[in-house]
Amino acid sequence: TVLMVRSIGSASGILKRLEIDLKKFPALVWRWKINRAVGMAIETRKDRNDSAARIRVIFGKAAPKPLKRPPEILKLFKSFGIQPGGKEPRGFKIDYIWGNNLPKGDVIDYPGSKNHKIVVIESGNKRANHWVWEKHNLVEDFQEFFRSSPPALIGIMVLTDTDQTNEGVIAHYSSIILMDK
């Protein structure tokens, strides 16, 4: 299964709410592909923090109940196989991004947030238009970035984001899996 996202001056995300004990499944694996990096993105600036592809992991307490929606909206979502999940849960966050400006391997604070890190996994256009496999140990990353043991993993979100730069990109996501090693 592949999720293809086209973004033109917008930001779109899909959130999967979870409650996972990371001692059992500490590794997150996925593959992704972009057609191009967001050329005007500057990851360190709040007003230009766009990326063609982003996997956000959210750590914390159990997620709040989803927002109530009118029955017509729920019926429409259901017809497309979509289950709305409400707001993004609060907690500690790590974004693994396909960036533009920063070199691969850089870790920065999300602009305007102290409990949110950005990790540049891929950068630029060198590997654009090719499927790329990624694997990260969420426990090790959390301990390194926040200097403590992680709480439960309560959400994984995929985002394609060009709302601040007004550019157009296409991103593909697939095989997002939690593993024991």
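Colleague: Leaving aside neighbours within four places in sequence, which residues is Thr-160 in contact with?
Modeller: Thr-160 is in contact (heavy atoms within 4.5 Å) with Val-5, Ser-7, Ser-10, Ala-11, Ser-12, Ser-51, Ala-52, Val-169, Ala-171 and Tyr-173. This is a predicted model, in which local features need pLDDT of at least 70, side-chain atom pairs count only at pLDDT 80 or more, and totals for chains, interfaces and linings use all residues. Residues are numbered from 1 along each chain as its sequence is written, and side-chain values use heavy atoms, leaving out hydrogens and water.

Colleague: What does the side chain of Thr-160 make a polar contact with?
Modeller: The side chain of Tyr-173, at 2.8 Å. A polar contact is a pair of N or O atoms within 3.5 Å; within protein, one must be able to donate a hydrogen and the other to accept it, and residues adjacent in sequence count only if both atoms are side-chain atoms. The Thr-160 side chain also reaches the backbone oxygen of Ala-52 at 3.1 Å.

Colleague: Is Thr-160 buried or exposed?
Modeller: Its relative accessibility is 1%, so Thr-160 counts as buried (under 20% relative accessible area, with a 1.4 Å probe and protein chains only).

Colleague: Where is Thr-160 placed?
Modeller: Thr-160 lies in strand E9; strands are DSSP runs of at least two residues, numbered from the N terminus.

Colleague: How many bridges join E4 to E9?
Modeller: Seven, and the two strands run antiparallel; pairing requires at least two DSSP bridges. Arg-56 stands opposite Met-157 in E9.

Colleague: And which residue stands opposite Val-57?
Modeller: Ile-94 in E5.

Definitions and conventions: Helix = DSSP H or I, 4+ residues; strand = E, 2+ residues; numbered from the N terminus. Buried < 20%, exposed > 50% of the residue type's maximum accessible area, 1.4 Å probe, protein only.
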